[in-house]
Structure formats: structure tokens, C-alpha cells
Amino acid sequence: ALVDGTIDSHKNSVDILVIGCEVSLWAAEQFVSDLQKCFPKLGVKAVSSNKLLGLFGQELVMPSIGFPFTQKTLDMKDPIVIIVSHSGGTFAPLACSNLMQSFSSSIFAVTSEWDTQVGKQLRSMYGDKNDLLTSRIFSTEVGVRPAEPCSVSVVATHQLLTNIFEHICMQIISNPHFRSITGSIITERDLQTLERCNVENIKSLERIVGVDRKGNEVHQLLKQTEEELRAAGDIWSEHILENAKAYIMSFVYIVVTVVAGFPLISGIAYAAGLRGDKYPGDQIFYLLRFLDALVYFWLPQINIFILRLFQGRNLRHRMVGRTVVIGDPCPWVAQSAEAFLSKIFACSYSIAGLNVLSGNPADHLVHRH
């Protein structure tokens, strides 16, 4: 439409609109960022489905506070709409699949399976047998994962968006008119490099998980990365669980010494022959009880020192709550990793939990945290 002049292009026009929610939106924002950089003259936007519903989905407009999205700044004249929802059933993206019918005739979805709620919605909208794009569904083929903190699903979504990005680039740079109207700056060599990285990424993943793409274990020589990661995970878990282990050790010590009537220092003195019936009123017994009281007071710290000594970890490491700080210049990576890790520990006891922070180390990480 831009090439034949049926649609005028201006700064507020939207040519490609990508819609998503939460983790799907974060991956979509990276896709839009890359697409906009490669084709500066295209109007590519990534908008939260909740904000879109607030602006266009109800009689009373809900303004997007802090974001430059209004009914005037989003000039949508039959844009290409890509709805990213891995479950295919999230309320806001599903509602947007119906809402966007009045703005566009080219609506697509990126989901986990062909047969999802948003897929059914799109197929019911485009039931023409002569329509070559009747399906309009891009599937990651990893299945619906409703109870999983976003891990495999977000990686699969990003991989599929990478393939879509490559296809769009190939179609544009293969046509001189498309290159001119979009201001294309990406070259065939750039695409070749991207595809090579895309293919080699699979090999790297196989070494990380220790299993190849067919489900077979990789050769022992290729398991070094997996073994190093698991060893680092063991050390990390010892840091996280040391408070819980020290708590259990303290509980056992208190129960045993109180029931037996012999705390550590007093018990040693009694075994050495220093007994109260032999030395009545001796001041040393008050000193022994005072030392036992100090042992009870510092018992958690003493147990942590004992654990670290047996585990071979640094004895001078601080005894504080554990915090994981994720720094990555790609916002979607840091945000997705933070969401994944925080949800894993969402139901843990505070004594065995941790705090998760994320940010861009080249921008706001230090200032925020």
C-alpha cells in the first residue's frame, strides 16, 4: 500500500503493530526495535494489549499515563497486526484480536499451537476459501504451558520472532521498491550472519543442556558447559540454603542440650570433672553458663561457619539475605530472567528465598538498585 500510494505515510502512521502482554510483550518489543532499526521509514510499534484496550476498546477512554499512545498518535490504516500470546488465551491479547478487526484486515498471531483461542478467533474472521493466509497462525510448536514460569515458552517465542524477522527482511531487500520506501539499511550479508548465529545457537543450547535436538545425550567431551553450570548451581544453592540448614542445626542443638541439661561449655566442664556438687558456690560455674548463653545467642552464625568450613566456601562471606542482580543491555532478557527466577521462589519460605533485581548495566542498573 505504501508503494502504490494508497496509504500516505507520516510520523504517526503505523505500518506494523505488534501486540502482547507481559513476557510476550517484552520479546515483541525487541522484535520491533530490530525491525525499526533495519527499516527506519517504516512505522513499527509495540503496544501493550491492555493499553490498546484502554484506548480503543471501551466507550470511556483510559489514557496511557507515561506513554505517548493516544487515539491521535496511533494512526492505524490497515496495518499489519501481530498478536503475540504464547498461551493464546490471555484475556487482553484475545480481546485485541476481536478489537483490531475494525482497524486491519491483516491480523496474525504468534502462539504455542495452531488450535488456541486466539487462533480460533482469527480463523473465524478469515474463512474465505480463496484466502491463502486463512490460518494466520505462527506456532512455536512447544505446546501450552500454563503452570510454567516463562522459560521454554519465551525462548521459543523469541526464536519464532527471529524467523519472522528474517522472512520480512528477505522480502523487503529482494525488491528495490520495498527497499526504497522502507529506507532499508540491512544487507544480505547481515541476514547471512544472523542466520549463521541462529543455527549455531542450537549447537550452543545442546552443550548447555547436555542433550541434542533429538533428545539424545551429547558426547561426554561436549558436556563441559553443562557440568560447569551445574557445579556453579550447586555452589549457588549452598549460599541460598545455608540459613535454612543453620536453622535446623540450631533447633537440634537447642532441643538436645535443653533436654539433656548439658549445654556445650557446661557439658565439657562436667565431663572434665568440674561438677557443682564438688565445688559448691564456685564462681566458675557462672562463667560457664555465661559462655553457654553466648553460644545460644550466636548459634546461627556458628552453624553457618561450620557449614562453610565443611563445604569449603569463603568463611568471610557476609551473612545476609540473598539477592540476585541480573544486568543485561537487552531489556527483554533481564525482565524475562527476573520474572522466571522470582516466580520460582514465589512460594518459598523467607529463610530459603531470595530477592531478584534486574536492570540495564549501561543505563539505570546502578541508579535503581
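A salt bridge here is a side-chain nitrogen of Lys or Arg within 4 Å of a carboxyl oxygen of Asp or Glu. Please keep in mind that this is a predicted model. By that rule, the count is seven salt bridges.

Take Arg313 and Glu242. Their side chains form a salt bridge, with N to O at 2.8 Å. This pair links distant parts of the chain, 71 residues apart: Arg313 is in the loop between helix 11 (299–311) and strand 6 (323–327), and Glu242 is in helix 8 (residues 224–260). Arg313 and Glu242 are both buried.

Glu242 has another partner. With Arg322 it makes a salt bridge at 2.6 Å, N to O. Again distant parts of the chain are linked, since Arg322 lies in the loop between helix 11 and strand 6, 80 residues from Glu242 in helix 8. Arg322 is buried, as is Glu242. Through shared partners, salt bridges join Glu238, Glu242, Arg308, Arg313 and Arg322 into one network.

Now another pair, Glu206 and Arg213, whose side chains meet in a salt bridge at 3.0 Å, N to O. Arg213 counts as exposed, because its relative accessibility is 60% and the cut-off for exposed is over 50%.

Next, helix 12. This helix covers residues 331–344, which is 14 residues, and its first and last C-alpha are 20 Å apart, close to the 20 Å expected at 1.5 Å a residue. Which of its residues are buried? They are Trp332, Ala334, Ser336, Ala339 and Leu341. Their cover includes helix 1 (23–38), helix 5 (152–173), helix 8, strand 6 and strand 7 (355–359).

The largest has 25 residues, and the members that touch the most others are Val18, Phe31, Leu35, Phe39 and Ile186. Strand 1 (16–20), helix 1, strand 2 (44–48), strand 3 (80–84) and helix 5 each give two or more residues to this core. Helix 5 gives the most, with eight residues.

What does Val18 contact, leaving aside its neighbours within four places in sequence? The list is Ala28, Phe31, Val32, Lys45, Ala46, Val47, Ile82 and Val84. There is also a second, separate core of 23 residues, and Val47, Phe69, Cys96 and Ile137 are among them.

That is the end of my part.

Note on methods: Residues numbered from 1 in each chain as written. Predicted model: local features only at pLDDT ≥ 70, side-chain atom pairs only at ≥ 80, totals over all residues. Heavy atoms only, no water. Buried < 20%, exposed > 50% of the residue type's maximum accessible area, 1.4 Å probe, protein only. Helix = DSSP H or I, 4+ residues; strand = E, 2+ residues; numbered from the N terminus. Expected span 1.5 Å × (residues − 1). Contact = heavy atoms within 4.5 Å. Core = buried A, V, L, I, M, F, W, Y, C linked by side-chain atoms within 4.5 Å.
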